[in-house]
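Take a look at the model below.

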Amino acid sequence: MTEDFRSACIAQGIDVQGTLGRLGGMDALYERMLSRFAADGTAAQLASCTQPDEAFRLAHSLKGMAANLGFTKLSELSGQACTLFREGHSDEAMALKDGLVAEAQRLATFLKERT
């Protein structure tokens, strides 16, 4: 991972240091994981999803990806949505969907431009 790419990721709010620490410093693996996220269609699926059960599954998938990749804000947003779904507040969780999708797409766009 170049220093320029690392700095750009940090500027986007990505916890590069924490993630690389969990990955044992394997930069190449981290970059592959970031590229896969950029190509993943989960956010697009969530954007068009109207069923709470499916939206929960997709939000939960994004939560896991975000936590593993150091996407703190996305992890928090998806975690909030998952909690609301679990507590039976599907309408409130679905209302968070647009912000969740926007954050995932912002990160994907950034990564597509960089990788």
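**Pocket lining and salt bridges**

The lining of the largest pocket divides into eight nonpolar, four polar and two charged residues. Here Ala, Val, Leu, Ile, Met, Phe, Trp, Tyr, Cys and Pro count as nonpolar, Asp, Glu, Lys and Arg as charged, and the others, Gly among them, as polar. The model is predicted: local features need pLDDT of at least 70, side-chain atom pairs count only at pLDDT 80 or more, and totals for chains, interfaces and linings use all residues. Residues are numbered from 1 along each chain as its sequence is written, and side-chain values use heavy atoms, leaving out hydrogens and water.

The largest pocket holds about 150 Å³ of space. Of its 14 lining residues, Ala38, Asp40, Ala43, Gln105 and Ala108 are the closest to the centre. Helix α7 gives the most, with five residues. Helices (H or I, at least four residues) are DSSP runs, numbered from the N terminus. A pocket is an open set of points on a 1 Å grid over the protein atoms alone, where a 1.4 Å probe fits, with protein on both sides within 12 Å along at least five of seven lines; lining residues have an atom within 4 Å of a point. Points are joined across faces, edges and corners, and the volume is the space filled by probe spheres set on them.

Now turn to the charged pairs. The structure holds five salt bridges (a side-chain nitrogen of Lys or Arg within 4 Å of a carboxyl oxygen of Asp or Glu). One of them joins Arg114 and Asp4, at 3.1 Å from N to O. This pair links distant parts of the chain: Arg114 sits in helix α7, Asp4 in helix α1 (residues 3–11), 110 residues apart. Arg114 is partly exposed at 39% relative accessible area, whereas Asp4 is exposed at 53%. Buried means under 20%, exposed over 50%, and partly exposed in between (1.4 Å probe, protein chains only).

Arg6 and Asp27 form another salt bridge, with their closest N and O atoms 3.4 Å apart. Arg6 lies in helix α1 and Asp27 in helix α3, so the bridge ties together parts 21 residues apart in sequence. Arg6 is buried, at 14%.

Glu103 is buried at 6%; Arg106 is partly exposed at 32%. Elsewhere, salt bridges with shared partners join Glu3, Arg6 and Asp27 into one network.

Technical notes:
Helix = DSSP H or I, 4+ residues; strand = E, 2+ residues; numbered from the N terminus.
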